[in-house]
Amino acid sequence: MTTTSHETTPVLRLPGTAALAATVAGGVLAAASAAMSWTWTDAFPGDLTYYGSPAGLQWLALAGGLLTVLLALASRALPGLRWLSPSGSNNGVLFAALGTLAVCWYSVIAITVQLDGLVNLDPGGWVAAVGSLLAVVGALGLPLDRRTAVQQPAVARWWYLVAAVAAVLRYGLGEGWALNAVPTGVRPIVTENLWFFVALPAGIVGFKLWLLLNAWLRIGRIERPLPAARALPSWAEILVVTAVFAVGLGVVEFGISTEYGELFIGFLLLVVFGTAALLSSGVIARLRELTVRHRAVTTGAAFAAAGAFPFTQSGETYVLIGANILIFATVALGLNVVVGLAGLLDLGYVAFLGVGAYAAALVSGSPYSVFRGVHVPFPVAALIGALAALVFGVVIGAPTLRLRGDYLAIVTLGFGEIFRIGMNNLDGKSGPSLTNGPNGIAAIPDVNLFGFDFGQPHDFGPVQLGKFGNYLLLMLVVTAIVVVVFGRVANSRIGRAWVAIREDETAAEAMGINGFRVKLIAFALGATLAGLAGAVQAHVSGAVSPDQYQFAGPVPPNSAFLLAAVILGGMGTISGPLVGAALLFLIPAKLQFLQSYQLLAFGIALILLMRFRPEGLIPNRRQQLEFHEADVPAPGGPVDDALTKAGA
């Protein structure tokens, strides 16, 4: 007798036809609400007062509702839509419905709170709320892939006591009587952070509700293999890959161009649930197969989509965000050599970015540089920045890389702080005159290559590309160089040696690998890539100063930001740090209130990721196997094509 840990059953006992009809009807209602007025006043951001003209959050409801309907019909093998649900699972339908519910109810709640009352909702808001809820109820009545049992961790009773005490303190501080028990010197800190006494009990209660919901839903992984895909001509597969990146460009453009925080939060909610829906339906697995078969086309399409982004913008505001994302993503990819491949914890990596930026700034003709008469071409300045960072990487790595673990992390953290303090003191007063101290080096001239001035707007047909658009295209070239270097090195003999050192340094050295030499190469290469990106960053920002290169701060880049980008995105991969850095830069840039709590947000994100997806958002297949080896089916059982020994 064989047992299985998964089953295909509905959460709610509904007739199959009724459940499908409710799901489709709910999705249609949610999508149709986008053509209706959600509120009577334009005081709510986005002006959701028009009929027949979707705006802001209404576009998200439209997209979520349509995705829910399409996945629901595709799961029934409707001709023409079968490609949208290769797995045949209804889990994707549920995630799409939940994403629509999250967007619609978040919008309704935001309107109610900001405008003071449900009376401010127009018929469209009510239709969106009811339709999205109906879609979720219907999806819960469909046969879902579920676990037969869920291990329920116990929540200590003292957690509830802490939540109750925090709630009482919040009430007492608001009324004033609890302030008498707070020392006078601490009162400003307490009164400025009253949100903590609400967030703590809310977090505890939310965690308990999540445990109860997880035990009730028991949503599990899809264990059956995907059926073989229908063979397509190569040109058709290339067209599919191109179309996917075109759609991706539209999604990214929408997210970066969001004009207010409420819209960006709704965008994030829909992207998270929409990605989960496409993963469960098997669409992303199908696309992965295509991209593996056409790697060159995939890479070209990705860079073409990124290069097309500045041509979709009418202003420079969001193009600057795109250029900065590329800079920090490139630096994070360089750090991935050190952390992801070699397994060295570097907490001062941003210093190498600063070395490259300062070295390039000193020889680029700035009037504030001590070498005012020196103005070398940009390629030479970039090379000088990369070589300077290489030298610093070797000088710092040679005496310190014999350390391991926490000791190495402490030394690299110290190097990062020494660099920042050193740049502050090289002002001609506290030390030699080299960097102008805290004032830094300003007025760095724009790049000029072959007569093309990157600081001036240029016309490309009907589209005018401004300064930051020019630099975004330049950063694409630098990113391509870093990606090629990373990919080649990771798959080389030295790359395999790094992985061996990362997994078990003692065993690797026993097999003849020179651990110190291999780690020094990783340290030097990572520093070189950071220096190259730093040279471009100096010209994009037009100035460099010591306060830009800290361990942690409200504005990236900083070492904590870069390390979090690598871990969140996925160590040892190319796309992981790029995605991680993009998310970690874009979210604080769009949600201004998070900038003061960046480290807190990083900590919460890392805790959640380590709990639910320790391998990162875009994992290395070897590490994915290591973290989920217990989930790999025994011989003879169903095989998950993403977790095979061959993939390791």
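**Aromatic pairs and a helix crossing**

Author: Tyr358 and Tyr549 are both buried (under 20% relative accessible area, with exposed over 50% and partly exposed in between, for a 1.4 Å probe and protein chains only). The model is predicted, so local features need pLDDT of at least 70 and side-chain atom pairs pLDDT 80 or more, while totals for chains, interfaces and linings use all residues. Residues are numbered from 1 along each chain as its sequence is written, and side-chain values use heavy atoms, without hydrogens and water.

Reader: How many aromatic pairs are there?

Author: There are 14 aromatic pairs. Rings of Phe, Tyr and Trp (its six-membered ring) pair if their centres lie within 6.5 Å; planes under 30 degrees apart are stacked, over 60 edge-to-face, and the rest tilted.

Reader: What makes Tyr349 and Phe352 an edge-to-face pair?

Author: Their centres are 6.0 Å apart and their planes stand at 70°, so the angle falls in the edge-to-face class. Both Tyr349 and Phe352 are buried.

Reader: Where do the two partners lie in the chain?

Author: Tyr358 belongs to helix α13 (residues 350–362), and Tyr549 to the loop between α19 (515–541) and α20 (559–569), 191 residues apart. Helices here are DSSP runs (H or I, at least four residues), numbered from the N terminus.

Reader: Why are α13 and α19 called oblique to each other?

Author: Their axes come within 6 Å and cross at roughly 50°. Angles under 35 degrees are roughly parallel, over 145 roughly antiparallel, 65 to 115 roughly perpendicular and the rest oblique, and α13 and α19 are therefore oblique. Their crossing is right-handed.

Reader: Which residues of α13 make the contact with α19?

Author: Phe352, Leu353, Gly356, Ala357 and Ala360 of α13 do so, meeting residues of α19 that include Phe523, Ala527 and His539; contact means heavy atoms within 4.5 Å. The contact has 10 nonpolar, five polar and no charged residues. Phe352 and Phe523 also belong, with Tyr349 and Phe415, to a cluster linked by ring pairs.

Reader: How do you know whether Asp122 is buried or exposed?

Author: Asp122 has a relative accessible area of 18% and is therefore buried. Asp122 sits in the loop between α3 (91–115) and α4 (123–140). Apart from its neighbours within four places in sequence, Asp122 is in contact with Ser37, Trp38, Thr39 and Trp40.

Methods. Helix = DSSP H or I, 4+ residues; strand = E, 2+ residues; numbered from the N terminus. Axes fitted to C-alpha atoms, helices over the stretch in contact; angles between N-to-C directions. Left-handed = near helix turned anticlockwise from the far one by under 90°. Nonpolar A, V, L, I, M, F, W, Y, C, P; charged D, E, K, R; others polar.
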